[in-house]
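Got the viewer open and a selection box ready? Let's walk through this one stop by stop.

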Amino acid sequence: MVAILTLKEFKEARACLKDVILETHLIYSDYFSRVTGNHIYLKPENMQVTGAFKVRGACYKIALLSDEERAAGLITASAGNHAQGVAYAAKSAGVPATIVMPTTTPLVKVNNTKDLGAEVLLEGSNFDESYALAQEIAETRGLTMVHPFNDLAVATGQGTISYEIFQDLPDVDVILVPVGGGGLATGVATLAKLLNPNVRVIGVEPIGAASMVAALEANEVVTLSHIETIADGVAVKAVGDHLFPYIKQHLDDIITVDDTDLLDAFLDMMEKHKMVVENAGLLTIAALSKLEEKGRNVVPVLSGGNMDVITISSLVQHGLMSRDRVFTLSVQLPDRPGELLGVAQVVAGCGGNIIKLEHNQFVSINRQRAVELRLTMEAFGHAHKKEILGALKERGYDAQQIGTSPIYTY
């Protein structure tokens, strides 16, 4: 078993995983480089064999288990990516695996885990509740626990990412890594510092689940009373106590980002790189604009891309609305022929595109102002929206932006 993280253990992990995982080569981003003033190289772990980095730690941990530990069967708790990693590694090793997943886990992660042959139990409203149940089952049934982050062997496997970063970009200056329980950050930061003590490794957490920030401020692991973030892959109340000493020693800084920042990051990745990256993996993209460094070689680790299509649809819609590329206007009109055409002509004249229209004749008993139009339209952004609103008001229409209702309903 791994008792301490040294270069020897990382080399062993790299050799062990060589024929098991993909080497996800860096992708240079012209777009993010231009808008941030740094040289941005994406580390696409969303393209990994299970769609996330977690397979590295799971495979290495299981490779180190004794025959007796494997024969007993494996169990873990996970919001999805570690579940798939354990299921994949267990299937490869020919041992059974039971995974406890929160009831809020995206369907794609649940189905993918089942497809890999694991028994899935949907229990608990968050990771911490699921893990508590997994511990009970492990004790009752004598199963071997494979912790998703608070395990040095798991962290060692995750850290092999740093080997690949330095292989592709020997003069990397900054590595950005998502932080949940701390396994990925521990492995990546520790190995990165062993390879080059001058490289900066910066963790990124969501504001609504900043358990590592809280631990560093208290100088000890603390448990948050409440967490709320759309980045479900890092939504843990407390970081790993076995990992915390390595984080304190090797992580240079932590950046926190808001969930709304992840909406912009999602759209940017979809439109500029045609990549699906889940919210936890987008933390590092959202953090790019918050870096003080300029002109540096920066590698944001995209930790995973397992996202169901309903979540993708929701993120697209809310992201477009946050950028005023889709918005809804309410226009009050007199009830007479031609008024609807007049509004449509103004919108068309400004280059707006109406994608949804609601015409309500019963909003008022006043026949002079008896009709409300609700127009949902596409535009090019904030300035274009203002142009359309201004043109409508100039033509005498009482137009106001309203709400953030979905573009489509199901």
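Start by selecting 39-44 and 297-302: these are strands β2 and β10, which run parallel and are joined by 4 bridges. Keep in mind as you click around that this is a predicted model.

Now widen the selection to the whole sheet. It is an open one, with 6 strands in the order β1-β2-β10-β7-β8-β9 and mixed pairing. Its edges are β1 (27-29) and β9 (253-257), each of which pairs on one side only. Look along the sheet and you can follow the twist, which averages 30° from one strand to the next.

Which residues touch the most other members of the largest nonpolar core? Select Phe32, Leu42, Leu176, Val257, Met269, Ile285 and Leu288, out of 32 residues in that core. Helix α13 (residues 279-287) supplies the largest share of this core, with 6 residues. As a general point, nonpolar side chains tend to be buried together in soluble globular proteins.

Zoom in on leucine 288. Leaving aside residues up to four places away in sequence, leucine 288 touches Phe32, Thr36, Ile40, Leu176, Val298 and Pro300. For a second, separate core, select Ile161, Ile165, Ile175 and Ala189, which are among its 26 residues.

Time for the other sheet on this tour. It is open too, with 4 strands in the order β5-β4-β3-β6 and parallel pairing. β5 (119-122) and β6 (144-145) are the edge strands, each pairing on one side only. Bring in helix α7 (residues 127-141), which packs on this sheet and touches β3, β4, β5 and β6. The direction of α7 makes about 160° with that of β3.

Why is β4 largely enclosed by the rest of the structure? Because 5 of its 5 residues are buried.

On the β3 (residues 74-77) side, where β3 and β4 pair in parallel over 4 bridges, alanine 77 stands opposite valine 100. On the β5 side, also parallel with 4 bridges, the bridge partner of valine 100 is leucine 121.

Next, select the cysteines. How many disulfides does the structure hold? The count is 0. Take cysteine 16: its closest cysteine sulfur, in cysteine 59, is 7.6 Å away, which is too far for a bond because a disulfide needs the sulfurs within 2.5 Å. Cysteine 16 is partly exposed at 29% relative accessible area, whereas cysteine 350 is buried at 14%.

Finally, zoom out. The protein has 16 helices and 14 strands, and its C-alpha atoms fill a box of roughly 80 × 50 × 40 Å along the principal axes. Of its 410 residues, 56% are buried. Carbon and sulfur atoms account for 51% of the accessible surface, which comes to about 17600 Å².

Terms used: Residues are numbered from 1 along each chain as its sequence is written. This is a predicted model: local features need pLDDT of at least 70, side-chain atom pairs count only at pLDDT 80 or more; totals for chains, interfaces and linings use all residues. Side-chain values use heavy atoms; hydrogens and water are left out. A nonpolar core is a set of buried Ala, Val, Leu, Ile, Met, Phe, Trp, Tyr and Cys residues joined through side-chain atoms within 4.5 Å. Buried means under 20% relative accessible area, exposed over 50%, partly exposed in between (1.4 Å probe, protein chains only). Helices (H or I, at least four residues) and strands (E, at least two) are DSSP runs, numbered from the N terminus. Contact means heavy atoms within 4.5 Å. Two strands pair if DSSP finds at least two bridges between them. Axes are lines fitted to C-alpha atoms, for helices over the stretch in contact, and angles run from 0 to 180 degrees between N-to-C directions. Accessible areas come from the Shrake-Rupley method with a 1.4 Å probe; for residues, only the protein chains shown count as cover.
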